[in-house]
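Let's talk about charged side chains and who pairs with whom. Here's the model to look at.

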Amino acid sequence: MNVPYAAGGPLDVTARVVAEGMGRVLGQTIVVENVAGAGGSLGVGRAARAAPDGYTISAGNWSSHVATGAVYALPFDLLKDLDPVSLLPTEDELIVARKNFPANTLGELIAWLKQNPDKATAGTSGIGGPSYMSAAFFAMKTDTRFTLVPYRGAGPALLDLVAGQVDFMITGPAITLPHVRDGSVKAYAVTAKDRIAVAPDIPTTDEAGLPGFYFSAWSGLWVPKGTPRDIIAKLSASVRDALADPTIRQRLAVLAIEIPPPEMLGPEKLGAFHKAEIEKWWPIIKATGIKGE
(Lines give C-alpha, C1' and ligand atoms only; values in the text may rest on other atoms or scores of the structure.)
Protein backbone atom coordinates (compact mmCIF):
# COMPACT_ATOMS: atom_id res chain seq x y z
CA MET A 1 0.00 0.00 0.00
CA ASN A 2 1.63 3.17 -1.25
CA VAL A 3 1.16 6.19 1.07
CA PRO A 4 2.32 9.36 -0.75
CA TYR A 5 3.45 11.22 2.39
CA ALA A 6 6.09 10.73 5.05
CA ALA A 7 5.41 8.34 7.91
CA GLY A 8 3.53 9.75 10.87
CA GLY A 9 1.03 11.92 8.99
CA PRO A 10 -2.77 11.65 9.17
CA LEU A 11 -3.17 9.56 6.00
CA ASP A 12 -0.32 7.29 7.06
CA VAL A 13 -2.03 6.63 10.40
CA THR A 14 -5.37 5.86 8.73
CA ALA A 15 -3.81 3.70 6.03
CA ARG A 16 -1.90 1.57 8.53
CA VAL A 17 -5.01 0.88 10.62
CA VAL A 18 -7.08 -0.01 7.53
CA ALA A 19 -4.26 -2.07 5.98
CA GLU A 20 -4.04 -4.15 9.15
CA GLY A 21 -7.77 -4.85 9.00
CA MET A 22 -7.70 -5.62 5.27
CA GLY A 23 -4.78 -7.97 5.79
CA ARG A 24 -6.71 -10.01 8.31
CA VAL A 25 -9.64 -10.30 5.90
CA LEU A 26 -7.42 -11.23 2.94
CA GLY A 27 -5.13 -13.52 4.90
CA GLN A 28 -2.09 -11.58 3.69
CA THR A 29 0.21 -8.97 5.15
CA ILE A 30 -0.19 -5.57 3.51
CA VAL A 31 3.09 -3.64 3.60
CA VAL A 32 2.71 0.13 3.83
CA GLU A 33 5.38 2.03 1.86
CA ASN A 34 5.83 5.81 2.23
CA VAL A 35 6.80 7.54 -1.01
CA ALA A 36 6.74 11.26 -0.21
CA GLY A 37 7.29 14.38 -2.26
CA ALA A 38 5.62 16.97 -4.51
CA GLY A 39 2.41 17.15 -2.48
CA GLY A 40 1.89 13.41 -2.77
CA SER A 41 2.20 13.25 -6.56
CA LEU A 42 5.46 11.25 -6.54
CA GLY A 43 3.89 8.39 -4.64
CA VAL A 44 0.68 8.46 -6.67
CA GLY A 45 2.72 8.46 -9.89
CA ARG A 46 4.65 5.38 -8.79
CA ALA A 47 1.40 3.57 -8.05
CA ALA A 48 -0.13 4.65 -11.37
CA ARG A 49 2.85 3.14 -13.25
CA ALA A 50 2.85 -0.13 -11.31
CA ALA A 51 1.71 -3.44 -12.76
CA PRO A 52 -2.12 -3.75 -12.64
CA ASP A 53 -2.03 -7.06 -10.79
CA GLY A 54 -3.66 -6.09 -7.49
CA TYR A 55 -0.42 -6.10 -5.53
CA THR A 56 0.04 -2.33 -5.57
CA ILE A 57 -2.58 -0.18 -3.84
CA SER A 58 -2.54 3.62 -3.90
CA ALA A 59 -3.72 5.18 -0.65
CA GLY A 60 -4.50 8.86 -1.06
CA ASN A 61 -6.63 11.79 -0.02
CA TRP A 62 -8.19 14.98 -1.31
CA SER A 63 -4.80 16.58 -1.78
CA SER A 64 -2.87 13.74 -3.41
CA HIS A 65 -5.67 12.66 -5.74
CA VAL A 66 -7.42 15.99 -6.40
CA ALA A 67 -5.43 19.12 -5.50
CA THR A 68 -2.12 17.99 -7.00
CA GLY A 69 -3.72 17.88 -10.44
CA ALA A 70 -4.47 21.61 -10.21
CA VAL A 71 -1.08 22.49 -8.70
CA TYR A 72 1.40 20.32 -10.62
CA ALA A 73 1.88 19.33 -14.26
CA LEU A 74 1.47 15.62 -13.60
CA PRO A 75 2.95 12.96 -15.90
CA PHE A 76 -0.16 10.84 -15.30
CA ASP A 77 -3.93 11.34 -15.24
CA LEU A 78 -5.61 11.08 -11.84
CA LEU A 79 -8.81 9.71 -13.32
CA LYS A 80 -7.61 7.76 -16.37
CA ASP A 81 -4.54 6.05 -14.90
CA LEU A 82 -6.09 4.80 -11.67
CA ASP A 83 -9.09 2.62 -10.90
CA PRO A 84 -11.07 3.33 -7.70
CA VAL A 85 -11.35 0.73 -4.96
CA SER A 86 -13.11 2.36 -2.01
CA LEU A 87 -13.53 5.51 -0.03
CA LEU A 88 -11.73 5.48 3.31
CA PRO A 89 -12.37 7.45 6.52
CA THR A 90 -12.50 11.24 6.52
CA GLU A 91 -10.68 13.50 8.95
CA ASP A 92 -11.48 17.08 9.93
CA GLU A 93 -8.53 19.34 10.73
CA LEU A 94 -7.33 21.10 13.87
CA ILE A 95 -5.77 24.55 13.94
CA VAL A 96 -2.89 24.20 16.40
CA ALA A 97 0.15 26.24 17.46
CA ARG A 98 3.38 25.82 19.38
CA LYS A 99 2.71 25.85 23.11
CA ASN A 100 4.34 29.26 23.70
CA PHE A 101 2.78 31.11 20.77
CA PRO A 102 1.36 34.46 22.02
CA ALA A 103 -2.22 33.83 20.84
CA ASN A 104 -4.45 31.68 23.06
CA THR A 105 -7.63 31.66 20.96
CA LEU A 106 -8.39 31.54 17.25
CA GLY A 107 -9.49 35.17 17.35
CA GLU A 108 -6.20 36.15 18.97
CA LEU A 109 -4.28 34.14 16.37
CA ILE A 110 -5.98 35.94 13.49
CA ALA A 111 -5.46 39.32 15.18
CA TRP A 112 -1.77 38.54 15.78
CA LEU A 113 -1.28 37.51 12.15
CA LYS A 114 -2.93 40.71 10.94
CA GLN A 115 -0.72 42.81 13.22
CA ASN A 116 2.42 40.89 12.24
CA PRO A 117 2.24 40.17 8.51
CA ASP A 118 4.82 37.71 7.14
CA LYS A 119 6.30 37.07 10.61
CA ALA A 120 4.65 33.72 11.39
CA THR A 121 5.46 30.33 9.90
CA ALA A 122 2.99 27.53 9.21
CA GLY A 123 4.24 23.97 8.88
CA THR A 124 2.75 22.09 5.92
CA SER A 125 2.91 18.70 4.23
CA GLY A 126 4.28 20.24 1.03
CA ILE A 127 2.77 22.25 -1.81
CA GLY A 128 -0.58 20.69 -2.67
CA GLY A 129 -0.67 18.64 0.55
CA PRO A 130 -3.64 18.79 2.95
CA SER A 131 -2.04 21.07 5.54
CA TYR A 132 -0.59 23.32 2.82
CA MET A 133 -3.94 23.80 1.08
CA SER A 134 -5.86 24.30 4.33
CA ALA A 135 -3.32 26.92 5.48
CA ALA A 136 -3.47 28.66 2.10
CA PHE A 137 -7.27 28.80 2.28
CA PHE A 138 -7.00 30.02 5.89
CA ALA A 139 -4.78 32.91 4.74
CA MET A 140 -7.32 33.83 2.04
CA LYS A 141 -10.29 33.57 4.43
CA THR A 142 -8.65 35.69 7.16
CA ASP A 143 -6.78 38.10 4.85
CA THR A 144 -3.51 37.35 6.64
CA ARG A 145 0.03 36.72 5.42
CA PHE A 146 2.48 34.18 6.79
CA THR A 147 5.17 31.85 5.45
CA LEU A 148 4.12 28.34 4.44
CA VAL A 149 6.98 25.95 5.26
CA PRO A 150 6.79 22.74 3.21
CA TYR A 151 7.87 19.36 4.60
CA ARG A 152 7.67 15.88 3.09
CA GLY A 153 4.58 15.20 5.18
CA ALA A 154 2.52 16.46 8.09
CA GLY A 155 4.32 14.15 10.52
CA PRO A 156 7.75 15.84 10.17
CA ALA A 157 6.08 19.27 10.19
CA LEU A 158 4.30 18.47 13.45
CA LEU A 159 7.56 17.39 15.06
CA ASP A 160 9.01 20.82 14.28
CA LEU A 161 5.87 22.48 15.65
CA VAL A 162 6.30 20.59 18.93
CA ALA A 163 9.95 21.66 18.95
CA GLY A 164 8.94 25.29 18.40
CA GLN A 165 10.59 25.56 14.97
CA VAL A 166 7.36 26.67 13.28
CA ASP A 167 4.48 28.67 14.75
CA PHE A 168 1.26 26.94 13.80
CA MET A 169 -0.30 24.27 11.63
CA ILE A 170 -3.62 23.00 10.32
CA THR A 171 -3.66 19.21 10.22
CA GLY A 172 -5.51 16.15 11.42
CA PRO A 173 -6.43 15.28 15.01
CA ALA A 174 -5.09 11.74 14.59
CA ILE A 175 -1.55 13.09 14.96
CA THR A 176 -2.17 16.31 16.90
CA LEU A 177 -4.46 15.22 19.76
CA PRO A 178 -1.74 13.36 21.70
CA HIS A 179 0.34 16.56 21.68
CA VAL A 180 -2.66 18.70 22.62
CA ARG A 181 -3.36 16.40 25.56
CA ASP A 182 0.19 16.50 26.86
CA GLY A 183 0.40 20.28 26.46
CA SER A 184 3.18 20.33 23.84
CA VAL A 185 0.91 22.20 21.39
CA LYS A 186 -2.21 24.33 21.86
CA ALA A 187 -5.43 23.80 19.90
CA TYR A 188 -7.58 26.68 18.67
CA ALA A 189 -10.40 25.06 16.73
CA VAL A 190 -11.63 22.13 14.66
CA THR A 191 -12.38 23.01 11.03
CA ALA A 192 -15.87 21.52 11.00
CA LYS A 193 -19.46 22.23 11.95
CA ASP A 194 -19.34 19.88 14.94
CA ARG A 195 -16.90 19.35 17.77
CA ILE A 196 -14.80 16.21 17.97
CA ALA A 197 -16.34 13.62 20.29
CA VAL A 198 -13.00 12.59 21.79
CA ALA A 199 -11.96 16.23 22.35
CA PRO A 200 -15.21 18.06 23.18
CA ASP A 201 -13.41 21.03 24.74
CA ILE A 202 -11.99 22.20 21.39
CA PRO A 203 -14.42 24.65 19.74
CA THR A 204 -15.44 24.60 16.10
CA THR A 205 -14.33 27.39 13.77
CA ASP A 206 -17.89 28.71 13.88
CA GLU A 207 -17.71 28.97 17.67
CA ALA A 208 -14.15 30.30 17.68
CA GLY A 209 -14.84 33.29 15.42
CA LEU A 210 -14.17 32.05 11.88
CA PRO A 211 -17.62 30.99 10.69
CA GLY A 212 -17.85 28.79 7.63
CA PHE A 213 -14.18 27.79 7.54
CA TYR A 214 -14.50 24.04 7.12
CA PHE A 215 -11.79 21.76 5.81
CA SER A 216 -11.63 17.98 5.90
CA ALA A 217 -9.40 15.48 4.16
CA TRP A 218 -11.30 12.50 2.78
CA SER A 219 -9.20 9.51 1.76
CA GLY A 220 -9.48 6.49 -0.49
CA LEU A 221 -7.80 3.56 -2.18
CA TRP A 222 -7.01 3.14 -5.87
CA VAL A 223 -5.14 0.60 -8.02
CA PRO A 224 -3.33 0.97 -11.36
CA LYS A 225 -5.63 1.22 -14.39
CA GLY A 226 -6.46 -2.14 -15.87
CA THR A 227 -6.44 -4.10 -12.62
CA PRO A 228 -8.92 -7.01 -13.09
CA ARG A 229 -12.41 -6.22 -11.84
CA ASP A 230 -12.57 -9.31 -9.63
CA ILE A 231 -9.40 -8.20 -7.82
CA ILE A 232 -10.83 -4.71 -7.32
CA ALA A 233 -14.03 -6.25 -5.97
CA LYS A 234 -12.03 -8.43 -3.55
CA LEU A 235 -9.99 -5.46 -2.30
CA SER A 236 -13.12 -3.35 -1.94
CA ALA A 237 -14.86 -6.07 0.05
CA SER A 238 -11.86 -6.31 2.36
CA VAL A 239 -12.10 -2.56 3.04
CA ARG A 240 -15.81 -2.90 3.84
CA ASP A 241 -15.17 -5.81 6.20
CA ALA A 242 -12.22 -4.05 7.86
CA LEU A 243 -14.25 -0.90 8.51
CA ALA A 244 -17.06 -2.99 9.98
CA ASP A 245 -14.68 -4.60 12.49
CA PRO A 246 -15.43 -3.22 15.99
CA THR A 247 -11.72 -3.10 16.90
CA ILE A 248 -10.84 -1.08 13.79
CA ARG A 249 -13.81 1.22 14.33
CA GLN A 250 -12.76 1.88 17.93
CA ARG A 251 -9.16 2.62 16.92
CA LEU A 252 -10.32 5.11 14.29
CA ALA A 253 -12.87 6.69 16.65
CA VAL A 254 -10.18 7.39 19.24
CA LEU A 255 -8.24 9.21 16.50
CA ALA A 256 -11.32 11.32 15.61
CA ILE A 257 -11.47 9.76 12.15
CA GLU A 258 -14.96 9.44 10.66
CA ILE A 259 -15.87 6.19 8.91
CA PRO A 260 -18.03 6.59 5.77
CA PRO A 261 -21.49 5.00 5.82
CA PRO A 262 -21.66 1.59 4.06
CA GLU A 263 -23.56 3.06 1.11
CA MET A 264 -20.58 5.32 0.30
CA LEU A 265 -18.13 2.41 0.03
CA GLY A 266 -17.15 0.60 -3.16
CA PRO A 267 -15.46 1.43 -6.50
CA GLU A 268 -18.43 3.09 -8.18
CA LYS A 269 -19.09 5.48 -5.29
CA LEU A 270 -15.44 6.52 -5.04
CA GLY A 271 -15.15 6.90 -8.81
CA ALA A 272 -18.13 9.26 -9.01
CA PHE A 273 -17.09 11.18 -5.90
CA HIS A 274 -13.48 11.53 -7.09
CA LYS A 275 -14.59 12.94 -10.46
CA ALA A 276 -17.02 15.36 -8.80
CA GLU A 277 -14.33 16.60 -6.39
CA ILE A 278 -11.93 17.31 -9.27
CA GLU A 279 -14.61 19.22 -11.14
CA LYS A 280 -15.48 21.22 -8.02
CA TRP A 281 -11.99 22.03 -6.72
CA TRP A 282 -9.71 22.46 -9.73
CA PRO A 283 -11.17 25.84 -10.75
CA ILE A 284 -10.99 27.05 -7.13
CA ILE A 285 -7.41 25.91 -6.61
CA LYS A 286 -6.20 27.23 -9.96
CA ALA A 287 -7.72 30.61 -9.10
CA THR A 288 -5.39 30.82 -6.08
CA GLY A 289 -2.34 30.73 -8.33
CA ILE A 290 -0.63 28.05 -6.21
CA LYS A 291 1.95 26.19 -8.29
CA GLY A 292 4.14 23.24 -7.42
CA GLU A 293 7.82 23.29 -8.22
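This is a predicted model: local features need pLDDT of at least 70, side-chain atom pairs count only at pLDDT 80 or more; totals for chains, interfaces and linings use all residues.

Arg229 counts as exposed, with 51% relative accessibility (exposed is over 50%, buried is under 20% relative accessible area, and partly exposed is in between, using a 1.4 Å probe and protein chains only). Its partner in a salt bridge is Asp83 (a side-chain nitrogen of Lys or Arg within 4 Å of a carboxyl oxygen of Asp or Glu).

Residues are numbered from 1 along each chain as its sequence is written, and side-chain values use heavy atoms, leaving out hydrogens and water.

Asp83 itself is buried, at 5% relative accessible area. Asp83 also meets Lys225 in a salt bridge. Lys225 lies in the loop between strand E10 and helix H9, so this pair ties together parts 142 residues apart in sequence. Lys225 is partly exposed at 46%.

| Salt bridge | N to O distance |
|---|---|
| Asp83 and Lys225 | 3.0 Å |
| Asp83 and Arg229 | 3.8 Å |
| Glu207 and Arg195 | 2.8 Å |

For the Glu207 pair, Glu207 is in helix H8 and Arg195 in the loop between strand E9 and H8, 12 residues apart. Glu207 is partly exposed at 48%, and Arg195 is partly exposed at 40%. Elsewhere, shared partners join Glu20, Arg24, Asp245 and Arg251 into one salt-bridge network. The whole structure holds 11 salt bridges.

Conventions: Helices (H or I, at least four residues) and strands (E, at least two) are DSSP runs, numbered from the N terminus.
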